[in-house]
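Good morning, and thank you for joining this group meeting. I would like to walk through one structure, from a single residue out to the whole chain. Please keep the sequence and the 3D view open as I speak.

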Amino acid sequence: MKITVLGSGSSAGTPVIGCQCRVCHSENIKNKRTRCSSMITTDDGLNILIDTSPDFKYQAMRESIQKVDAVLFTHHHADHCHGIDDLRAFCQKYKMPIPIYANEGTMAELKLKFNYAIREESRFWETPVLQDHIAQSPIIIGDNEIIPLPVIHGKMEILGYRLGNFAYITDVSEIPESTISLLKGVDLLLLDCLRFEPHFSHFGFKQSIEISQKINPKRTFFIHMTHDIEYDAVSSELPENIFLAYDGLQLVTT
Ligand SMILES: [Zn+2]
Ligand SMILES: [Zn+2]
Ligand SMILES: [Zn+2]
């Protein structure tokens, strides 16, 4: 399967509106981070999107995304779902609803925010047509079995996801031991690393490294980074097998 990092940034993205810092003014394209989202292209040719960031339209244009077969939502925070309306382009193009998956709490919040889009199919394709599914383990999409990974984000339980040897965990402040055991044998991990300082609802830099080494995948790429993280400077200080993701990064795994 192929993973495309659509966005590697935190809720504000980098550059941050109005910020004069050197990272926000960096010429390095790897310091330009749209809001956090990735796309899995499965071996059976399905595009499974993780979250719909407010930058989803731009990301879809940049990566020439032609189709979205399903969306896995991690949680309902604005930076992970406010691009949901642009899914309508794919519903219109194929006259097909798109199944969306989330835990119960997230789905309830999505329905509050986007009630108009989570609806039955009709002859009206001017808004998204999204079919809601509560994420039960395993989620079956085509030939793929996806394992929801419950993690703690501040006071909330949200979901990461595992497909084969790939796992995606964003917006996390604690990974319960029961979820650590679901991560055995993962080769490729995309993991939240907000900034250097710890944060009540996210891993900071040291925690992200410690947890990555505990899970011990062949490769970890950090995501959901603020303008604290300068790509070249921080990349040169990372342990072996840990890397910074960047927008447009493509990774292949089994
Ligand atoms: Zn977030
Ligand atoms: Zn800045
Ligand atoms: Zn969040």
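Predicted model: local features only at pLDDT ≥ 70, side-chain atom pairs only at ≥ 80, totals over all residues.

**A residue after a helix**

N216 sits in the loop between α6 and β12 (219-223). Helices here are DSSP runs of H or I with at least four residues, strands are runs of E with at least two, and both are numbered from the N terminus. Residues are numbered from 1 along each chain as its sequence is written, chains are lettered from A and ligands numbered from 1 in the order in which they are written, and side-chain values use heavy atoms, with hydrogens and water left out.

N216 is not a glycine, and yet its phi is positive, at about 60°. This is the residue that follows α6. Is N216 buried or exposed? With a relative accessibility of 57%, N216 counts as exposed. The cut-offs are as follows: buried means under 20% relative accessible area, exposed means over 50%, and partly exposed lies in between, with a 1.4 Å probe and protein chains only.

**The helix itself**

Let us step back into α6. Which residues of α6 are buried? They are F205, S208, I209, I211, S212 and I215. As a general point, an α-helix has 3.6 residues a turn, so residues three or four places apart point the same way. The buried residues of α6 pack against α5, β11 (188-192), β12, α7 (231-235) and β13 (242-244).

Two of these residues deserve a separate word. S208, in helix α6 (residues 205-215), has a relative accessibility of 0% and therefore counts as buried. Beyond its neighbours within four places in sequence, S208 is in contact with L191, D192, C193, F203 and F222, where contact means heavy atoms within 4.5 Å.

F205 also belongs to helix α6, and its relative accessible area of 11% makes it buried. Not counting residues up to four places away in sequence, F205 touches C193, R195, F196, F222, V234 and L238. Between F205 and R195, which are 10 residues apart in sequence, the C-alpha to C-alpha distance is 5.9 Å.

F196 brings us to the loop between β11 and α6. F196 is partly exposed, at 39% relative accessible area. Its contacts, leaving aside neighbours within four places in sequence, are G204, F205, D228, I229 and V234. F196 and D228 lie 32 residues apart along the chain, and their C-alpha atoms are separated by 7.0 Å.

**Backbone details elsewhere**

D171 is another residue with a positive phi, about 45°, although it is not a glycine. D171 is placed in the loop between β10 (166-169) and α5 (177-182). With a relative accessible area of 2%, D171 is buried.

Where are cis peptide bonds found? One runs from T14 to P15, with omega near 5°, and P15 lies in the loop between β1 (2-7) and β2 (37-41). Another joins S137 and P138, with omega about -5°; P138 is in the loop between β6 (130-134) and β7 (139-141).

**The largest pocket**

Rolling a probe the size of a water molecule over the atoms shows where empty space is left. A pocket here is an open set of points, on a 1 Å grid over the protein atoms alone, where a 1.4 Å probe fits, with protein on both sides within 12 Å along at least five of seven lines; lining residues have an atom within 4 Å of a point. The largest pocket holds about 230 Å³ of space, a volume being the space filled by probe spheres set on the points, which are joined across faces, edges and corners. The elements that give two or more residues to its lining are α1 (56-62) and α3 (88-94). α1 gives the most, with four residues.

**The chain as a whole**

Of the 254 residues, 56% are buried.
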